[in-house]
Amino acid sequence: MIHVFAFYLFAVITIASAVTTITARNPVHSVLWLILAFFNAAGLMVLTGAEFIAMLLVIVYVGAVAVLFLFVVMMLDIDFAELRAGFVKNFPLGLLVAIVLLAEMVLGIGAYRAGAMDLGTPDGAAATPAGASNIEAIGGLLYSRYLFLFEAAGIILLVAMIGAIVLTHRQRSDTRGQKISKQIMRRPDEATVNVKPEVGKGVQL
Amino acid sequence: MDWSQSLRLIAPEETLSVAGLVLLLIAAWGGDKSSRLISILAVAALAAASFLVAPALCGGAMGPDTSAFFGQFRADAFASYAKILIYISAAASLVIAPKFFDRFDAMRAEYPVLVVFAALGMGIMVSAGDLLTLYIGLEMNSLAAYVLAAFLRTDDRSAESGLKYFVLGSLASGILLFGMSLTYGFTGTTSFSGINSALSSGLSHGALFGIVFMLAGLAFKISAVPFHMWTPDVYEGAPTPVTTFFATAPKVAALGLTMRVMLDAFGDQAAAWQQIVIFISLASIVVGALGAIGQTNIKRLMAYSSINNVGFMLIGLAVATPQGASAMLVYLAIYVAMSLGGFVAILMLKDENGNFVEDIPMLAGLSRTRPALALGLAMIMFSLAGIPPLFGFWGKFVVFQSAVQANMIALAAIGIAASVIGAFYYLKVVKIMYFDEPADVVKGENDIWHKIILVASVVFISPLGYLLTKWLGGLADAAAAALYFSL
C-alpha cells in the first residue's frame, strides 16, 4: 500500500515538475524545477530498490549538473533584485514545496524499509544477485559482462574532452606562457646586468 | 563466452583505439606541426583495420563464431562489409583535408584523431548486437562529428553548422533513447536476439511505440524525410572535407545500424515497421528531388541528393528480404564512390586566388575551361541520376529489382517515377557546365591527391564498374546472409 502511494506521489511530481521546467519563463525557475524532477526520479529509484542509482542521480545530476546549469543561467542577463522582490508573496508556495518534499522523504524512507517494489520484468535477467549490494552487483556486471561497452564509454568521454579543447583552446599572441625549464636554467649572473645609459636615451633589455 | 575469442574478434576496434590514443599523444607533444605525420599514420591505421576485417567479409563469416562479449558485438560479414566502406571513406576524407585546411591556416593535429575515433564509433555501430552497443557506437561517432562540423572556428557558417548538428543530433539521440527504453521495458532485454525472441509471441502497443521512436531517431541519423532538415545546413556550413566524411561514412554506419535493428531485433515484426519505412523512403526520394531544384549552392544540392539516395536505399530495407538487404549494400558501395567523387570534385573548384567556389552559376562553361574536371563532375551527376551506362544505374536497378521480386511493384513504380524528377537537377548542373557561356571563375591549381581520388571514383562509377557487379554482388549477398543468419 505504501509502495503504491509513494510511487504515484513521486511519479506525479516528477512529471509535473518536468512540465514546469519546460513551461517556466524564468530560466532560474526552470533549473530549480529540474532539480525537483531529479529528486523525485531518485525517489522512484529508491522504491525499486536501486538505492545506488538513486544516490548517483542526486550526486551527479542534482549536484554537478544543476550547479553547472546555474552557472550558465548566471551568465544570462537576469535581474536578481526583481527575483527577490516576490519573496514574501511566494513564501507560502515555498513552504508548500518544502512540506511536500518532507512528506516525500518520510514516505520514501517508509517504502524503502518495506522492501523493494516488484518490477515485473519478463525474465529474471534484471534480478539482483542474492546477498550482493547494489554497488557490488553493478560493479560485477560492469567489469565483466559489459567490459567492452565500459571501455568504449571511456573513449566517448575522451572524444568529448578532445572536442571541448579543440573548439575552445587557442594560442593567444597577447599572453606570455610560463617556461619553467627556462626559468630554472637561468643563472644569477645572467639575471642582472649593469648598464650606463647616456642621458636621454633608453635602455635596451 | 571465451574472452580471448572476443578480444580477437574486436581486433579492428583495438587497432583503431590504440592508434587514436597514440596519435593523440603525438598531437599533444608535436602540436599542429605534426598534423601531416598524424594524418599519414591515421590513414595507415585505417588501412590496417581494413585488412583485419577483410577476411571475415571474404570468408562470409556468420553465426555464433562471430559473436563477441555475450552477443553485444558481432564481427560478421555484414559488419565487415560496412566497416570497409567506412574506413575507406574516413581515409579519403583524411587525405583530402590538409590542402583545404591549409588555405584557412586551420589544419590541426586533432582532425585525424577525431576522424579515427569517429570511424571506431561507426565500426561499433554496424557491429552492434545490443541496444547498449548501438547507443555507445552512435554517440562516439556523433560527438566526434559535432566537433568536426565546427572545426573551422573562424568561419561563422562552420560554427553554425556544428551547433545545429549538435542540438538536433542530441534531440534525435534522446528520441532514440526513449524508444530504446520502451523496447527494453516491454521486452526485458537489450540484446537484439533477446528482443526478437521476446516479441515472437506478439507485439504490444508499448513495444510498437518503441519501434516507432527508434526508427525516428535512426531516420534522423540517416537524414531521411521527415527528419532531414538539418542536412543541407550542416553540409553547407561544414568544411568540405568534413562534408565529404558526413556524406559517406556516417551514412553507411547509420544505414547499417538501421538494417541491424530492423531486420535483426525487429525482424519478425516486419509488418509493423514496413509501412513506416516505405513512407520514409518515398518521402525522402520526393523531397530530396524537389528540394534540390531551387538550390544554388552545390554543397546544398549534394545534401538533397544524399537525402534522395537514402530514399532509394531504404526501398531495399522496406522489402525486408535478404535480396533487399543485399541490393541496399550494393547501392551503398556505389553511393559512397559517387559521394566521394562528387565532393572531391567540389573541393577542386577554386578560383584564381585559391578560394573555394560553391555557387552553381559560377560553374558555367566549365567544360571549356577545365574539361577534365567538368567531365568527372558530369559523370558523377549522371551516375547519381541513375542514367545508364554509368554504375549508379546498377544500384537503382538492383534495389528496384528486389522490390519487384517481393511483389511491391507500386513501391518500385513510384520510386522510378520520382527518380525522373531527380534527374532534372543533376542534368541542370551538367547543362550549366557544358552549354552556358563560360563564367571563367574556376582556375585554381589542384593537389595530386584530389585528382587521384576523383579519377579512382570516376573509374569505379564508369561503365567499367560493371565488371565488378558479380564480385560486389557476391560480397553483398554474403553480408546480407550474415545479417539474416543471426535471426
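Start by selecting chain A and chain B together: the count of salt bridges between them is 0, a salt bridge being a side-chain nitrogen of Lys or Arg within 4 Å of a carboxyl oxygen of Asp or Glu. Before going on, note that this is a predicted model, in which local features need pLDDT of at least 70 and side-chain atom pairs count only at pLDDT 80 or more, while totals for chains, interfaces and linings use all residues. Residues are numbered from 1 along each chain as its sequence is written, chains are lettered from A and ligands numbered from 1 in the order in which they are written, and side-chain values use heavy atoms, with hydrogens and water left out.

**Stop 1: the interface**

Stay with the two chains. Across their interface there are 4 residue pairs in polar contact, both residues at pLDDT 80 or more. Such a contact is a pair of N or O atoms within 3.5 Å; within protein, one must be able to donate a hydrogen and the other to accept it, and residues adjacent in sequence count only if both atoms are side-chain atoms.

**Stop 2: a salt bridge in chain B**

Over all chains the structure holds 12 salt bridges. For one of them, select Asp264(B) and Arg74(B), whose closest N and O atoms are 2.6 Å apart. The partners are 190 residues apart, Asp264(B) in helix α12 and Arg74(B) in strand β2 (residues 73-74). Helices (H or I, at least four residues) and strands (E, at least two) are DSSP runs, numbered from the N terminus.

**Stop 3: the cavities**

How many cavities of 30 Å³ or more does the structure have? The search finds 3. On a 1 Å grid over the protein atoms alone, a cavity is a set of points where a 1.4 Å probe fits but cannot get out, and lining residues have an atom within 4 Å of a point. Grid points are joined across faces, edges and corners, and a volume is the space filled by probe spheres set on the points.

The largest cavity, of about 130 Å³, has 13 lining residues; centre your view on Asn141(B), Tyr165(B), Lys221(B), Trp230(B) and Pro250(B), which lie nearest its centre. Its lining divides into 9 nonpolar, 2 polar and 2 charged residues.

Next comes the second largest cavity, of about 50 Å³. Its lining includes Leu215(B), Thr258(B) and Val277(B), and α10(B) gives the largest share, 3 residues.

**Stop 4: backbone details**

Finish in the loop between α10 and α11 of chain B, which holds Ser223(B) and Pro226(B). Phi of Ser223(B) is near 50 degrees, and the peptide bond from Val225(B) to Pro226(B) is cis. Most residues other than glycine have a negative phi, and most peptide bonds are trans.

Note on methods: 1 Å grid on protein atoms, 1.4 Å probe; cavity = no way out; pocket = protein on both sides within 12 Å on 5 of 7 lines; lining within 4 Å. Nonpolar A, V, L, I, M, F, W, Y, C, P; charged D, E, K, R; others polar.
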